[in-house]
Structure formats: structure tokens, C-alpha cells
Amino acid sequence: FRRLKIKYRGSGKPKASWRTIEPLGLLFGRFGYLVANLSKTAMKPLTYRLDLIEDVEDLGEMFEEPKNFDFKEWAKESFGIFHGDDLLDIKLRFTGEASKRAEKISFHPSQKMSKGRGGSTIIELRCRGHRELIHELCRPEWVGQLVIERPEEFRTKYFEYLDKCAKAIS
């Protein structure tokens, strides 16, 4: 638990800036991420893509292990690595061939699976990282065989993303 100073260029930013952080752990997905809290602030872990860290300085200072923070439990809340959105209870219904495929996939540690009418597969999960879940649900094998039953705000985000994609290619 050593405090670090990192020179970080946020995605889409022209210049890197220095920030003092307290590292909590690493996550690996499409990219590698350092999970850290800004030094001496209330516990609100942030993710930093490893490839966007331009320099690191060890400040030679120790910090106490955060109390009431469990890194593994924190990581399990997200679909992927992002935590910037609300924790939602999501209900998905897969039909047709997608139903058979969905039965074999573990989408998230919180998921509960059941059978629905007409042989459909219902997946219920509680997570953050909605953007990453939306990307997963846009895969070709789900198209036309997926219903987002709840919540409405997630369904709206999904269709807004589809509209944005359609406009980008037309």
C-alpha cells in the first residue's frame, strides 16, 4: 500500500497530467487497468488504463489498507470493469437459437437463469458497466432474439446506442 504519482492521459485527452493515487488492484479485460483511489479522498475507486499511464513515481509514502472495501466484491459488481453508472437489476429474455446459446454462458457472477414461456431463457443480473453489457448484447447471435424486459432506463440506453450506430454507418 504505497502511494504513487502517475502521469496519465485520459482517453481522448491531448495532454497527460499528474495525479497522486493509492493503488488498490489490477483488472484485466480488453485492456489492463489499474484500480486506485485518489490520494486522501473519500473511497471512490477509479480505473486507469495501463497503456495510458505515461510515467510513475513512487512517493515513498505508505497508506493504510482501506477499511470497508473489498476489491473482489467491488469488481464483481460490474459487467466488465466500469463502475461509473448505477447498479441495476436487469432482466433479459432470449428466444429461439439465442435461448440455447444463452443457457451455456455465464454473463455475470450475480446472474440467475430460468426458463420462460415458449422455451425462452431468462437471465437476471445486477451490475454496473452498462456500456459493456450493451456491447455484448449487440453481438450478431442475439439480434432479433433478445428482449430487455427491465429496467426501462437500460432498454432506452440500448436503443439509443443502436440508433447511434445506425447513423454512423448511413
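Which residues have the most contacts inside the largest nonpolar core? They are I90, F94, F107, L133, L137 and F154, in a core of 19 residues. A nonpolar core here is a set of buried Ala, Val, Leu, Ile, Met, Phe, Trp, Tyr and Cys residues joined through side-chain atoms within 4.5 Å. Buried means under 20% relative accessible area, exposed over 50%, and partly exposed in between (1.4 Å probe, protein chains only).

This is a predicted model: local features need pLDDT of at least 70, side-chain atom pairs count only at pLDDT 80 or more, and totals for chains, interfaces and linings use all residues. Residues are numbered from 1 along each chain as its sequence is written, and side-chain values use heavy atoms, with hydrogens and water left out.

**Overall layout**

- The protein chain has four helices and nine strands. Helices (H or I, at least four residues) and strands (E, at least two) are DSSP runs, numbered from the N terminus.
- Along the sequence, the pattern runs β-β-β-β-β-α-β-α-β-β-α-β-α.
- The C-alpha trace spans about 60 × 40 × 25 Å along its principal axes.
- Of the 170 residues in the chain, 37% are buried.
- Take the contacts (heavy atoms within 4.5 Å) with a separation of 6 or more: residues 24 or more positions apart account for 56% of them.

**The cores**

- The largest nonpolar core has 19 residues.
- β6 supplies the largest share, four residues.
- A second, separate core has nine residues, including Y8, I21, Y48 and L52.
- I90 touches I123, E124, L125, C127, L133, R150, P151 and F154, not counting residues up to four places away in sequence.

**K91 in strand β6**

- K91 is found in β6. K91 is buried, with a relative accessible area of 18%.
- Leaving out residues up to four places away in sequence, K91 touches I122, I123, E124, V147, I148, E149 and R150.

**Packing of α3 on α4**

- These helices pack at an angle of about 60°, with axes 10 Å apart. Axes are lines fitted to C-alpha atoms, for helices over the stretch in contact, and angles run from 0 to 180 degrees between N-to-C directions.
- That angle makes α3 oblique to α4. Under 35 degrees counts as roughly parallel, over 145 as roughly antiparallel, 65 to 115 as roughly perpendicular, and the rest as oblique.
- From α3, the contact is made by H130, L133, I134, H135 and L137; from α4, by F154, K157, Y158 and Y161.
- By class, the contact has six nonpolar, two polar and one charged residues. Ala, Val, Leu, Ile, Met, Phe, Trp, Tyr, Cys and Pro count as nonpolar, Asp, Glu, Lys and Arg as charged, and the others, Gly among them, as polar.

**The loop between β5 and α1**

- F69 is found in the loop between β5 (53-62) and α1 (71-76). Neighbours within four places aside, F69 is in contact with L24, M43, P45 and W74.
- F69 and Y158 are 89 residues apart in sequence and 31 Å apart in space, C-alpha to C-alpha.
- N68 is also in the loop between β5 and α1. N68 is exposed, with a relative accessible area of 86%.

**Backbone points to check**

- Most residues other than glycine have a negative phi, and most peptide bonds are trans.
- N68 has a positive phi of about 60° although it is not a glycine.
- The peptide bond from R150 to P151 is cis, with omega near -5°. P151 is found in the loop between β9 and α4.
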